[in-house]
Amino acid sequence: MSRPSAPEPSIRFFLALGLALLGAISLFLALLYGPSTYAALAQLRQQRYHDGTFRYLDLALTFPAYARAKALLLVLLAGSGAALLWQWRRRGRWYQELAALAREWRTAPPLLGAWRRLPAGARRTALALLALLTLVRLYYLLHYPLYGDEVVSYQYFVRPGVLAATSFYPIPNNHILYSALCWLSSQLSGNIYWTMRVPTFLLGTAGSAVVGLLLLRRVGYRAALLTTLLFGFFPYALFQSAVGRGYLLLALCGQLGFVAAVALLRGTARPRLAWAALVLSSLAGLYAMPTYLLLFASLFGALGLAALGRRDGPGLLRLTLAGLLTGLLTVLLYAPVLVVSGPAALFGNDYVSPRPGHSVFEALHYAQHIEGQLLGYGPLGLWPTLALSLGWLALLRWWRPARPYRALVLAALLALWLPYLLLAVREVYPPTRVLSYRVFFLLLLGALLAELLLRWRPLAPLRRRVLLSVGLPVLLWAGAGLVPFQRRAADEAQRNARVEAAARWLRRQGAHRVLTDHGHYQVYLLHYSEAAGWRLRVDAAPAPGIGYEFQLLDKAGHAAPPAAPLVLENADVRVFRLLPAQP
């Protein structure tokens with residue numbers, strides 16, 4: 001069902017929005033890089049990073065390229081600033097478009113409007129469940145052991161400063177927007193927990209509330225609350241809300257973009273606001289992680305298919321302009337990476353490079369593996385997800401009560417399945433966590449189905465019992481997810497404790513130079529030594545002229561032990577005392 005909609009914005013709106021965003025991004029980059037020097041960026045050549053072992057990035061940075069980029073940045077800032085000032089003083093047409101966007105923002109329904117109309121009991125149930133989710137997140141923020149990827153992000157992207165956070169890209173571990181937020185957090189405290197975890201906790205807490213309230217307007221109380229809370233207690237999302245990485249930020253940007261896209265699909269009285277929200281959420285998502293391209297393609301694809309179905313040429317033009325605007329501004333945001341680290345670091349790393357030779361059956365096996373891991377289906381793989389998806393297609397075709405959800409459901413289905421098609425065509429198969437954001441759309445489809453089923457007369461009494469129709473499913477889901485999640489946290493804690501015990505032992509021995517082929521120990525020995533103010537060099541392979549006192553050999557590896565006495569052993573490594581190396 002479409003809602004009454006206002007006239008769609010003209011091309012001038014997208015040009016005006018692009019000019020305003022160009023000015024804002026140019027100002028952001030000028031504040032970061034205007035005071036910078038070539039020498040400060042060139043120092044990143046000496047910045048060692050960890051990717052299974054220790055490496056150095058061969059920077060693409062040259063002084064002429066740096067000078068040209070800085071000059072171009074100043075031209076963009078001056079040009080966009082002058083154009084905006086000119087439009088403001090003349091009250092030109094582009095200014096009028098931005099003023100219309102501001103009016104739509106001011107006249108939008110209050111975010112809490114639908115919330116205030118809920119019965120008191122429904123609000124109390126929602127607040128209690130959201131408070132429980134927040135307390136669980138806070139507990140794991142404080143107690144989940146430091147995770148290897150967040151230690152790597154802190155050591156190599158956040159602690160070296162905001163220039164490294166926004167330009168040094170040796171591995172995709174640098175989730176740039178999140179690294180920049182963590183750098184801001186580090187200005188308040190040097191504690192790694194505060195620096196890396198407070199931003200994701202705040203984003204998760206605020207994001208759950210905002211997304212839930214926006215869904216409330218579109219799908220009603222029960223479906224909105226179920227979707228928000230089930231995703232919040234989803235083990236991957238819970239992990240991402242406690243551990244300092246950019247995955248939760250990506251998921252939230254996708255959810256906000258989805259709400260904006262659905263508003264455009266169903267018709268809205270504030271189309272400029274919806275388009276601006278779609279572009280801004282896409283920019284933030286792409287700057288958080290390049291893999292947001294999967295969501296970007298899904299959301300813009302849904303809008304494109306709808307416009308084609310309506311034979312809406314102007315609609316396709318608006319969509320094309322919004323896509324081009326997002327793409328060009330994203331390139332500008334990534335300009336420091338392209339100039340300093342080089343295009344190959346962004347487009348040619350091992351995580352995004354195609355792996356040719358995979359058959360269709362291998363792509364299907366990958367999808368089955370991902371679905372089984374995400375929701376614990378195991379060998380059932382993608383069949384439950386496929387059954388729900390096909391069930392919704394049947395309902396939309398043959399059951400009238402489901403049809404008001406048509407635009408929303410089709411957009412969710414595209415966000416659920418298109419990533420697999422794009423990855424198969426590209427022959428890229430990322431790890432499970434990259435696709436964990438999709439579970440939000442799966443849970444939304446499940447919550448909407450539950451809402452429809454509760455209209456069936458035998459189940460209708462449950463509609464009035466919020467504790468049974470919402471509270472009980474959320475608590476059961478939370479309990480089922482928290483048991484393996486807590487087990488994983490305990491396993492991580494035990495492993496970290498073994499590394500910390502080994503670090504304390506090495507310090508008591510007066511060690512300052514050690515070798516280890518165990519990736520976890522390479523990262524954590526450095527972290528623990530720096531936290532304790534203890535000078536320790538850790539290498540994965542012998543460096544010329546260095547005499548190592550100890551070697552820690554991975555017990556799961558195949559390296560031959562050195563001809564040296566074994567002095568310590570735990571579940572992970574064997575520690576050998578080495579003779580001084582010859583120069």
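**View 1. Ser-469 and the residues it touches.** Leaving aside residues up to four places away in sequence, Ser-469 touches Arg-222, Leu-226, Leu-454 and Leu-462, where contact means heavy atoms within 4.5 Å. The model shown is predicted: local features need pLDDT of at least 70, side-chain atom pairs count only at pLDDT 80 or more, and totals for chains, interfaces and linings use all residues. Residues are numbered from 1 along each chain as its sequence is written, and side-chain values use heavy atoms, with hydrogens and water left out. Ser-469 lies in helix 23 (residues 466-508); helices here are DSSP runs of H or I with at least four residues, numbered from the N terminus. Is Ser-469 buried or exposed? Ser-469 counts as buried because its relative accessibility is 9% (buried means under 20% relative accessible area, exposed over 50%, partly exposed in between, with a 1.4 Å probe and protein chains only). The side chain of Ser-469 also makes a polar contact with the side chain of Arg-222, at 2.8 Å; such a contact is a pair of N or O atoms within 3.5 Å, one able to donate a hydrogen and the other to accept it.

**View 2. Helix 3 and its buried residues.** Helix 3 (residues 63-90) has 28 residues and reaches 40 Å from its first C-alpha to its last, close to the 40 Å expected at 1.5 Å a residue; the expected span is 1.5 Å times one less than the number of residues. Look for Ala-65, Tyr-66, Leu-73, Ser-80 and Gln-87, the buried residues of helix 3. They pack against helix 1, helix 2 (38-42), helix 4 and helix 17 (335-340).

**View 3. Helix 1 crossing helix 4.** The axes of helix 1 (residues 11-33) and helix 4 (residues 93-107) come within 8 Å and cross at roughly 85°, which means helix 1 is roughly perpendicular to helix 4 (65 to 115 degrees). Arg-12, Phe-13, Leu-15, Ala-16, Leu-17, Leu-19 and Ala-20 of helix 1 meet Arg-93, Trp-94, Glu-97, Leu-98 and Leu-101 of helix 4. By class, this contact has nine nonpolar, no polar and three charged residues.

**View 4. Helix 4 against helix 14.** Helix 4 and helix 14 (residues 271-288) pack at about 95°, with their axes 8 Å apart, so these two helices are roughly perpendicular to each other. Glu-97, Ala-100, Leu-101, Glu-104 and Trp-105 of helix 4 make the contact with Pro-271, Arg-272, Leu-273 and Ala-276 of helix 14.

Note on methods:
Axes fitted to C-alpha atoms, helices over the stretch in contact; angles between N-to-C directions. Parallel < 35°, antiparallel > 145°, perpendicular 65-115°, else oblique. Nonpolar A, V, L, I, M, F, W, Y, C, P; charged D, E, K, R; others polar.
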